[in-house]
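Hi everyone, thanks for coming. Please have a look at the structure on the screen, and then I'll walk you through a few places in it.

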Amino acid sequence: MGRHLSPFIGLLFGLLLLRVSASEEGFPSNPEEPLFEYGDVRRPIPTRGLLYPRESETREVRSLDGMWRLVRSDPLDPLQGIREKWFTDVLRKTGRDILPIPVPASYNDITTDNLRDHVGTVWYERTFFVPRSWEGNHRTWLRFGSVHYSAVTWINGRNATQHSIGHLPFEADVSGLLHFGAENRITVMCDNRLGNRTIPQGTVRNVQTDNGTVPIQEYTFDFFNYAGIHRSVHLYTTPLLHISDVEVSTQLTEEGIGRIDYRLWLGGSGFKESLRTQATHVVLKLRDREGRVAAQQINKAIYHGTLLVPSAHPWWPYLMHPDPGYLYDLQFELFADSTEEEEENALQDVYRLPVGIRSLSWSNDSLLLNGKPLYLRGFGKHEDSDIRGKGLDNALLARDFNLLKWIGANAYRTSHYPYSEESMQFADEHGIMIIDECPAVNIDIFEPQLLEQHMSSLEQLIHRDRNHPSVIAWSVANEPRSTKPGALKYFESLVNYTRGIAQGRPLTAAINASPSTCHLSQFLDIVGFNRYNSWYQNSGRTDMIVNLLTDEAQRWRDAFGKPVIQFEYGGDTMEGMHSLPAFIWSEEYQVVLFTRHFKAFDELRQRKWFIGEFVWNFSDFRTAQTITRVGGNKKGVFTRNRQPKEVAYILRMRYYALAKELYLCSLPDDLHLYISKDVTKHRHKEL
């Protein structure tokens, strides 16, 4: 299931390849880059398994989150631990300093020393017990939500699994590696180095410092390269014969009938298991929010089927319907005959999946959900917070979704990588639509090996998120160097592959090229562009926004004849800095910049093919250290600790005004402060 075991020699060879790709040579310096052919590019092996761990009558889930132990490798010898086999014993035997480290979390901001800027490998370790009851008629799985960037894992000194491309889950059946009813040790080597064949790309080069030679990681993307075990680690059990994977797609008819098409994959149905147990049928029960059975089915075909739901409750986005984010609970019960116990139709496995019933379609003019045109109002975001870095934080997730709803947003883009599975579940539950983006940010040097990694990142992302009703599009890249000649064949190959696995969603990207020079946009279903008028262009001139923006959006439309979204606009703002008249970096300047964009967006909305406006960014976030970033990127509407800047209140009025105009939603009582009887009435009439 997923991507796991390989021989140790292959493991070491793969690590060496990563080391070469992240070497100090980095990006070629030859300005005349070669053009590559992609006929021999290997397509990714389809991912199977990786269902989100959920307890049931037949499954148990245990968390390995908590305090682990960490050892850092010598930055100039990152593979020392492999050669010396640190994984065969406890890490304190290495003689190196042991640091207590929380999981999940980035390790960079936890300590007070230079671990923040460490380049290379670190080693994690913890011990745990596995109950005797898990031995025998169960399989035990080890699952990581994400390790950035690459990881190799051992259980009791034996290789369990490996994975590269951060932000995505991986797992392995570790039943044969565990000591049941006894203590076990898990060891993880995490490597944060990026090269010109990783997604995203980077360059590692050695530099001379006052303390000798050290490697430094360079990259062009504008967020900090946090590393570590970023998401939860789980042990979970399944029966020997079990449901290993589920795929659902939904439709809503004009008559209000919901249709759920599903596919199942079974695990443990090898030769030995098939002699003992034979699957006979699956029972499906769809329960509504109150627990009532809305539809059910007995299916002897097992592997695929269709469930019809009369008078279905559709899944709607936030503020588009009085009851947004409606989810059903779809229960799969697998039954089998057992020759060993002479049981007929014995329950083998139970798995439950939240399902939202909705239809999604698009044309050259619009994107429609349940037959109604969408206008997206939202943000580009980051998984980023103080101390935890990119580590999963449920309290932060809850705060973010409260703020999204407070401000009246209905969508965000997972810039610039897949977000946690828990955040996707939050989006489903709250009716927040997602533009789901893979980690391909600022990609350059379009080698075939890069294309293989790029395809793999999209395949894993789509496999992970295909069942989420909140996902309305896949973003294949952010600000790629799409004007280069090599981009044409590269993106043609990438998009053709991705379209074949897109699971009924359109393809888009966030482009910072121009309509006349971009080689990617012609292949997309929705054209998205990033443009910073009055910030990176014409700094300080808020009187140079409306015409430039509307003209550019029209040129994107004329060039490609597709719906258009602005995925990024904004300007850095220092919390508490004020200036009258407005001056760049002040909170007043951010307000004026936004309101001029609002005027441009309203002009574009009248043309019908302009379907969304996304602020950059939801909140301030950490970046690499540069003289242009004071503590990080300050373009957030909220501060890094999620408090509103002045512009948040203006944006809130904008987003609620749009929701009322388009979907007749009710307005919050606190949207406007009382000024006077006439002023308050007038402002509410405007909305």
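Let's start with a crossing: helices H9 and H10 cross in a right-handed way, meaning that the near helix is turned clockwise from the far one by less than a right angle. Before going on, this is a predicted model, where local features need pLDDT of at least 70, side-chain atom pairs count only at pLDDT 80 or more, and totals for chains, interfaces and linings use all residues. Residues are numbered from 1 along each chain as its sequence is written, and side-chain values use heavy atoms, leaving out hydrogens and water.

Where are H9 and H10? H9 covers residues 587-605 and H10 covers residues 646-663; helices here are DSSP runs of H or I with at least four residues, strands are E runs of at least two, and both are numbered from the N terminus. Their axes, lines fitted to C-alpha atoms over the stretch in contact, are 8 Å apart at an angle of about 20°. The pair is therefore roughly parallel, a label for angles under 35 degrees.

Now for the backbone. Most residues other than glycine have a negative phi, and most peptide bonds are trans. Here, the bond from Ser-415 to His-416 is cis, with omega near -5°. Another cis bond runs from Leu-580 to Pro-581, with omega near 5°, and Pro-581 sits in the loop between strand S31 (564-568) and H9.

Finally, Leu-319 has a positive phi near 70°. Is Leu-319 buried or exposed? Leu-319 is buried, at 12% relative accessible area, where buried means under 20% (1.4 Å probe, protein chains only).

Definitions and conventions. Axes fitted to C-alpha atoms, helices over the stretch in contact; angles between N-to-C directions. Parallel < 35°, antiparallel > 145°, perpendicular 65-115°, else oblique. Buried < 20%, exposed > 50% of the residue type's maximum accessible area, 1.4 Å probe, protein only.
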